[in-house]
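These are my notebook entries on one protein model. I looked up single residues before turning to the whole chain.

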Amino acid sequence: MRCDLSTWAWAGAWKRVRRRLLKSLVKGYAAVLLRQPLWDGRGVARPCGRYGPAEGTALPFVLLGDSSAVTVGVVERQDTVGAQLAGMLAARLECAVELEVLARAGATTAALGRQVRSVTGRSAPGVAFVLIGGNDVMLPAPVRRSAVRLGRYVRELRGAGWEVVVGSCADIGAAPALRRGVAAVASVRSRRLARLQSAAVLAAGGRVVALETDAFRRWPVRLYCPDGFHPSPEGYRVYLRMADPAVAAAGEARVAGLVRPRTLVLPCGRPAEEASGPAGAVRGPV
């Protein structure tokens, strides 16, 4: 018994030491890449809850991914990605939407598996919107591996009956917080990861929204929050205008039961017509 307690104590002490070492390494690595500290996500409003009619079965809607899905950079609930997309879905589909944000600031694609597994076992599938990749770009690891993982997670969600929309990696190199040499490399890696993500997601049966735009380079003061890395409320609205049509189409498909016979029956009105967008901007099943 004493041996067991001693082993447990040593294991706990080693975990604490390892955690401190990892934090120190991350801080040192960040100092090499960034001109200034970043917002860690504290203070961001949690938009989870029901949107639309108070009665009737609600369409499940989950946000998975990193700080972009959390909406780090804003403080008002109505400015969050979740609140804006859930409100749009409720209005377009004329039914209630139940929003849950499982995304975590700082998450990489490797960490996305835990988020995915928390929803794939549910009996009532819905719509999943995924924003991931920025942290993968910043880490010294192959981006192809991240794209392969993403494809696997999308396939798991689709197999469980979920409609999936993925916003492919934006141009991380446009962020003013990055040092000049780092920004150039980040742009190249961002574009490569976005291409690989798109191919993997489409092969897995998901929808892809291309989020690459030069707007953030033209208006950085307006579109980035004060940390120079995460978008401002106006910056997130740029991305949301690009993502709205695909998310709406996914919601319509889920409500109509077009993907799997094991469908969630909702008291919704007639699905709205699918919004049109730039050619190639939104790809996936219709």
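Entry 1: A polar atom of the Asp66 side chain lies 3.0 Å from the backbone nitrogen of Ser68. The model is predicted, so I note its limits: local features need pLDDT of at least 70, side-chain atom pairs count only at pLDDT 80 or more, and totals for chains, interfaces and linings use all residues. Residues are numbered from 1 along each chain as its sequence is written, and side-chain values use heavy atoms, with hydrogens and water left out.

I placed Asp66 in the loop between β2 (59-65) and α2 (67-70); helices (H or I, at least four residues) and strands (E, at least two) are DSSP runs, numbered from the N terminus. Is Asp66 buried or exposed? I found that Asp66 is buried yet has no salt bridge. Buried means under 20% relative accessible area, exposed over 50%, and partly exposed in between (1.4 Å probe, protein chains only). A salt bridge is a side-chain nitrogen of Lys or Arg within 4 Å of a carboxyl oxygen of Asp or Glu. The nearest side chain of opposite charge to Asp66 is Arg104, 11 Å away; Lys and Arg count as positive and Asp and Glu as negative, while His and the chain ends are not counted. Leaving out residues up to four places away in sequence, Asp66 touches several residues, among them Ala103, Arg104, Leu131 and Asn135, where contact means heavy atoms within 4.5 Å.

**Entry 2: salt bridges.** I noted eight salt bridges in the structure. In one of them, the side chains of Asp79 and Arg237 meet at 3.6 Å, N to O. The pair links distant parts of the chain, 158 residues apart: Asp79 is in the loop between α2 and α3 (81-93), and Arg237 is in helix α10. Asp79 is buried, at 16% relative accessible area, whereas Arg237 is partly exposed, at 32%.

I then looked up Arg217, which forms a salt bridge with Asp171, with 2.9 Å between the closest N and O atoms. Arg217 lies in helix α8 (residues 215-218) and Asp171 in the loop between β5 (163-167) and α7 (180-203), 46 residues apart. Here Arg217 is partly exposed at 46%, and Asp171 counts as buried at 12%. I also recorded a network of salt bridges that links Arg158, Glu163 and Arg207.

**Entry 3: helix α10.** I followed α10 over residues 233-256, which is 24 residues. Where does α10 have a kink? A kink of about 45° lies at Ala243, shortly before the proline Pro245; the bend at a residue is the angle between axes fitted to the seven residues ending there and the seven starting there. In α10, 17 of the 24 residues are buried, so the helix is largely enclosed by the rest of the structure. Gly257 follows α10 and has a positive phi, near 70°.

**Entry 4: a glycine and the whole chain.** I found Gly126 in the loop between α4 (112-120) and β4 (127-131). Gly126 counts as buried, at 0% relative accessibility. Beyond its neighbours within four places in sequence, Gly126 is in contact with residues including Leu59, Trp162 and Arg254.

Finally, I counted 10 helices and seven strands in the protein. Of its 286 residues, 48% count as buried.

Technical notes
Expected span 1.5 Å × (residues − 1). Polar contact = N/O pair within 3.5 Å; in protein donor to acceptor, adjacent residues only side chain to side chain.
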